[in-house]
Amino acid sequence: MSDILVLNKHSLVDTLVATSLIARLADEGHRVHCMTDGNSVELFRYCGCRTTGFFQPSCSYDRAINLSPSLLCTEIVEKVRATDKSGFGQKSGGLTFFNEGADLLYRARIVGIPTDANLFQLVFGAAQTTWRGEGYRVGYFPKHKTKRNAVGIAMRDRRLESFVRERLKLDRERFWYIPFKHNPLKQIDEVNRCRDIITDDEGVVHAALALRKHAEFIVRKPTVYKLEMFGSGNIHVIDPR
């Protein structure tokens, strides 16, 4: 049994996708230690790993996987004692990549260079492993119950929201406006109120899919990387003009 350190300092999107990788490592019998920010600690605890905030660890690991290109995480991973390292690193104060998979993830997720891969494939690649089709591993039970027949709307683009509402012609009583939350667990709580989700926010659509909701993802242009819907929704490219 090996000890693996995973560093993650990202958005709800990256956190939810990372649960799949962490669960895989734990299922393979590794002891997984996750170092992440306070908003993600609780979510990662449901994946079968040990979680902490950011600090310079004094112990050694068999592997260190840094999924975040942030200055904080790259500084920490460079000082970590580990037999093998993958993901993002730092050299002479600049960002570097321990492996090609990390470079591909950075190009798509940060730079915005289009790719045929989905985010799961990119994250697993940054960790020097191959995605086998696993979904999210969210063991957290939302505090809010699902409202029967409720359609949740979480739109950041007001023009897109108006366009969607006019096209759908749904009864106002069926709409539930989902507020945006910075805390991952609170966002999941809000998304769980509804059976069907309509959104232009990638974090909300990942939360919906993780909760096995039906999701309609509305965007103005195609996403940079493929969004794996797991047969539970559709992607619509719409120009509201």
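This is a predicted model: local features need pLDDT of at least 70, side-chain atom pairs count only at pLDDT 80 or more; totals for chains, interfaces and linings use all residues.
Two helix contacts involving helix 2 were examined. In the first, the axes of helix 1 (residues 12-27) and helix 2 (residues 38-45) come within 10 Å and cross at roughly 40°. The crossing of these two helices is right-handed. On the side of helix 1, the contact is formed by Thr 15, Leu 16, Ala 18, Thr 19 and Ile 22, and on the side of helix 2 by Ser 40, Leu 43 and Phe 44. Five of the residues in the contact of helix 1 with helix 2 are nonpolar and three are polar, and no charged residue takes part.

The second contact joins helix 2 to helix 7 (residues 184-191), with an angle of about 65° and axes 7 Å apart. Helix 2 contributes Asn 39, Ser 40, Glu 42 and Leu 43, which meet Pro 184, Leu 185 and Ile 188 of helix 7. By class, four residues of the contact of helix 2 with helix 7 are nonpolar, two are polar and one is charged. Ser 40 and Leu 43 of helix 2 take part in the contact with helix 1 and also in the contact with helix 7.

A search of the whole structure for cavities of 30 Å³ or more returned two. The largest cavity has a volume of about 80 Å³. Its lining consists of Asn 8, His 10, Asp 14, Ala 18, Leu 67, Pro 69, Phe 88, Leu 105, Tyr 106, Arg 109, Ile 110 and Val 123. Helix 1 and helix 4 (100-111) each supply at least two of the residues lining the largest cavity, and helix 4 gives the most, with four. The lining of the largest cavity comprises eight nonpolar, two polar and two charged residues. Ala 18, one of the lining residues of this cavity, also belongs to the contact of helix 1 with helix 2.

The second largest cavity holds about 30 Å³ of space. Around this cavity lie Asn 118, Leu 119, Phe 120, His 206, Tyr 225, Lys 226, Leu 227 and Glu 228. Four nonpolar, two polar and two charged residues make up the lining of the second largest cavity.

The largest pocket contains about 300 Å³ of space. Its lining has 15 residues, and those nearest the centre of the pocket are Glu 202, Val 219, Lys 221, Pro 222 and Thr 223. Helix 4 and strand 10 (214-219) each provide at least two residues of this lining. By class, eight residues of the pocket lining are nonpolar, two are polar and five are charged.

Eight aromatic pairs were found in a search of the whole structure. Among them, Phe 120 and Phe 230 form an edge-to-face pair, at 5.5 Å centre to centre and with 85° between the planes. Phe 120 lies in helix 5 (residues 119-126) and Phe 230 in the loop between strand 10 and strand 11 (233-237), so this pair ties together parts that are 110 residues apart in sequence. Phe 120 is also one of the residues lining the second largest cavity.

How values were computed: Residues are numbered from 1 along each chain as its sequence is written. Side-chain values use heavy atoms; hydrogens and water are left out. Axes are lines fitted to C-alpha atoms, for helices over the stretch in contact, and angles run from 0 to 180 degrees between N-to-C directions. A crossing is left-handed if the near helix is turned anticlockwise from the far one by less than a right angle, and right-handed if clockwise. Contact means heavy atoms within 4.5 Å. Ala, Val, Leu, Ile, Met, Phe, Trp, Tyr, Cys and Pro count as nonpolar, Asp, Glu, Lys and Arg as charged, and the others, Gly among them, as polar. On a 1 Å grid over the protein atoms alone, a cavity is a set of points where a 1.4 Å probe fits but cannot get out, and a pocket is an open set with protein on both sides within 12 Å along at least five of seven lines; lining residues have an atom within 4 Å of a point. Grid points are joined across faces, edges and corners, and a volume is the space filled by probe spheres set on the points. Rings of Phe, Tyr and Trp (its six-membered ring) pair if their centres lie within 6.5 Å; planes under 30 degrees apart count as stacked, over 60 as edge-to-face and the rest as tilted.
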